[in-house]
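Me: I have a structure open and a few things to ask about it. Can we go through them one at a time?

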Amino acid sequence: MATTAQWWDGARPRTLSASIAPVVVGSGAAAAAGSFVAWKAVLALVVAVALQVGSNYANDYSDGIRGTDDNRVGPQRLVGSGAARPKTVKAVAFGCFAVAAVCGLVLALTTAWWLLLVGVAAVAAAWFYTGGSRPYGYYALGEISVFVFFGLVAVIGTTYVQTGRVTWPAVACAFGVGALTCALLVANNLRDIPTDRESGKRTLAVVMGDRGSRLLYAGLQVVAYVVVVLLAVTVTPWTLLALLSLPLAIRPVATVLRGTTGRALIPVLRDNGVAELAYAVLLAVGLVLA
């Protein structure tokens, strides 16, 4: 039986910034539009975190039963290590999806019915990333899904459920946060290139190769900070506060660009997450001050 610590590790806490950051920024954009609604922001946060944790457990289950995690470089997974039964991990994943579905239903019923379709698509994307007979995460499509659901959908959706409209700051912020979340996945898959290639898991990192993945990681960071400057020009100079997070982003970028491999890349996930959260908070503060 897996311990509490093992279940916590299975939730992949180093990456939870990917679900928190878009809700923070989306709420900042809603506040800038004069329509911040606290209880909707909280529900949006629960939806985002529950979807991510559910996706992480679903990934643990699906990769585990396929044998993809048999020779991991990174932290051990629940199913791959034999710490938990596959059916238990799968049940926990769907329990997380259920929590997200209930909270999402409340948001949809109080905002717009078509958001239910967005919710169904989000749950499907979380499961079929590595689940099903042809998981799209095995065909270099993971980053696209992350950008869409943890960038565009999460940020713009958070703003929409509070304001009832799509705003330019929300759209711009969605690109910035989406880029940083994609960078998180690129770093994770860069670390796993050898084992993923051996197991037949063709992530974008496997397709692009080591050097291409490192350049992509750095490029995504650049995109995020270009968004900050763009917002400063088109919305308010206060968004330049987000540049204060740049020193936090330099460390993981430097680690990736100097050719670090294997387990030595694990701290990059933590550092990227901290930088992304700081970026989101400072960007949201700038929008509120506007």
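Me: Which helix is Thr159 in?
Reply: Thr159 lies in helix H6, residues 142–163. Bear in mind that this is a predicted model.

Me: Is Thr159 buried or exposed?
Reply: Buried, because its relative accessibility is 0% and the cut-off for buried is under 20%.

Me: What is Thr159 in contact with, leaving aside neighbours within four places in sequence?
Reply: Gly26, Ala29, Ala30, Gly164, Arg165, Thr167 and Ala170.

Me: Switching to H4 and H5. At what angle do they pack?
Reply: Helix H4 (residues 86–109) and helix H5 (residues 115–128) pack at about 165 degrees, with axes 10 Å apart. The angle is over 145 degrees, so H4 counts as roughly antiparallel to H5.

Me: Which residues make the contact?
Reply: On H4, Lys90, Phe94, Phe97, Leu105, Leu107 and Ala108; on H5, Leu115, Leu116, Val123, Ala126 and Trp127.

Me: How many of those are nonpolar, polar or charged?
Reply: The contact of H4 with H5 has 10 nonpolar residues, 1 charged and no polar.

Me: Is the crossing left-handed or right-handed?
Reply: H4 passes H5 in a right-handed crossing.

Me: How many aromatic pairs are there in the whole structure?
Reply: A search finds 8. In one of them, the ring centres of Tyr61 and Trp127 are 6.0 Å apart and the planes are at 25 degrees, so that pair is stacked.

Me: Which parts does that pair tie together?
Reply: Tyr61 is in helix H3 (residues 38–66) and Trp127 is in H5, so the pair links parts 66 residues apart in sequence. Both Tyr61 and Trp127 are buried.

Me: Which aromatic cluster is Trp127 in?
Reply: One formed by Tyr61, Phe94, Phe97 and Trp127.

How values were computed. Residues numbered from 1 in each chain as written. Predicted model: local features only at pLDDT ≥ 70, side-chain atom pairs only at ≥ 80, totals over all residues. Heavy atoms only, no water. Axes fitted to C-alpha atoms, helices over the stretch in contact; angles between N-to-C directions. Helix = DSSP H or I, 4+ residues; strand = E, 2+ residues; numbered from the N terminus. Parallel < 35°, antiparallel > 145°, perpendicular 65-115°, else oblique. Left-handed = near helix turned anticlockwise from the far one by under 90°. Contact = heavy atoms within 4.5 Å. Nonpolar A, V, L, I, M, F, W, Y, C, P; charged D, E, K, R; others polar. Buried < 20%, exposed > 50% of the residue type's maximum accessible area, 1.4 Å probe, protein only. Phe/Tyr/Trp six-rings, centres within 6.5 Å; stacked < 30°, edge-to-face > 60°.
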